[in-house]
Amino acid sequence: MNEDKHLLKELKAGTKDFEWLSKNYPALQKKYPKQFIAVKNQQVIISHKNLVTLINTLKKKFGSPNDFLIDFVPDENYILVV
Amino acid sequence: MRLNGFFKGTAPYILFSVRAEKPKILRQIPFLIDTGSDITGIAMKDCLAIGISFNSLGRPVGSISGIKEKARRWEIKGELRAITQETKLERFGPMKLFILETSGDCPSLLGRDFLEQFGFRLIYNIKRKEVYLEE
């Protein structure tokens, strides 16, 4: 039961961060084109063009990168094909 | 039941908390809802954040082919957890998940396997800025 409460709280926080990213996506594309960003509490904490560098910086500064939403911000010409 | 999604540009995403034992995974991951994908998979950027080393995963079960690239994949069992529209916690699993050795820019994918296994349909309306999975 406590685990569920904790998980629900974490998911609500994560949802807020992703909602923020979604709403601010055009502005983020202008500010961080072709960069990886780490987001927490509706803020970009770190950005870098290299994913491994970003992860290593998060490890050094905060211990674990697992608590951050990590995303790639493409520029406006990017086309995603998966 | 309804699980609300998000747009990144025009692409539909949904947030899940992923839990697995081997390898140990406990992370919130935004998945691109990809009805063209047969499988649900965790992409490289999320694997690196979790601390998964591809070298420790053993032999890959195969590769995933897309239009853009081909990526090695490893099969695991895991559980997805999400908040419903009524802010209730729901668990989906155990289900087959794949670790995907993609490029860094590639997102994790929620494939048709999830929609089929748990009986969801995707509602996507870009004009109304509406995206959700409905059971």
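**View 1. Chain B at a glance.** Chain B has two helices and eleven strands. Keep in mind that this is a predicted model. Walk along the sequence of chain B and the elements come in the order β-β-β-β-β-α-β-β-β-β-α-β-β. Its radius of gyration is 14 Å, close to the 14 Å that the globule rule gives for 135 residues, so chain B is as compact as a globular protein of that length. Draw a box along the principal axes, and the C-alpha atoms of chain B fill roughly 45 × 30 × 25 Å.

**View 2. Inside chain B.** Of the 135 residues in chain B, 44% are buried. Take the contacts in chain B between residues at least 6 apart in sequence: 59% of them join residues at least 24 apart.

**View 3. Two cis prolines in chain B.** Start with the peptide bond from B:Lys22 to B:Pro23, which is cis, with omega near -5 degrees. B:Pro23 sits in a loop, with strand S3 (11–20) of chain B on one side and strand S4 (25–33) on the other. Then look at the step from B:Gly93 to B:Pro94: this peptide bond is cis too, and its omega is near 5 degrees. B:Pro94 is found in a strand, namely S8 (residues 89–100) of chain B.

**View 4. Where chain A meets chain B.** Here 24 residues of chain A are in contact with 26 residues of chain B. On the chain A side, at least two residues each come from helix H1 (2–23), helix H3 (51–62) and strand S3 (69–73). H1(A) gives the largest share of that side, with eleven residues. Sorted by class, the side of chain A that touches chain B has 16 nonpolar, four polar and four charged residues.

**View 5. Helix H1(A), end to end and side to side.** H1(A) has 22 residues and spans 32 Å from its first C-alpha to its last, close to the 32 Å expected at 1.5 Å a residue. Which residues of H1(A) are buried? They are A:Gly14, A:Asp17, A:Phe18 and A:Leu21. These four cover an arc of only 95 degrees around the axis, which means they lie on the same side of H1(A).

**View 6. What covers the buried side of H1(A).** Both chains have a part in this one. From chain A, the cover over the buried residues of H1(A) includes helix H2 (25–31), S1 and S3. From chain B, it includes strand S2 (6–8), S3 and S4.

View 7. A:Asn41 is not a glycine, yet its phi is positive, near 55 degrees. Look for A:Asn41 in the loop between strand S1 (35–40) and strand S2 (43–48) of chain A. Is A:Asn41 buried or exposed? With 10 other C-beta atoms within 10 Å, A:Asn41 is exposed. A:Gln42 is another non-glycine with a positive phi, about 60 degrees, and it also belongs to the loop between S1 and S2 of chain A. A:Gln42 has 14 other C-beta atoms within 10 Å, so it counts as partly exposed.

Key:
Residues numbered from 1 in each chain as written. Chains lettered and ligands numbered in written order. Predicted model: local features only at pLDDT ≥ 70, side-chain atom pairs only at ≥ 80, totals over all residues. Rg over C-alpha atoms; globule rule 2.2 N^0.38 Å. Buried ≥ 20, exposed ≤ 12 C-beta atoms within 10 Å, placed from the backbone. Contact = placed C-beta atoms within 7 Å. Nonpolar A, V, L, I, M, F, W, Y, C, P; charged D, E, K, R; others polar. Expected span 1.5 Å × (residues − 1). Arc of directions from axis to C-beta.
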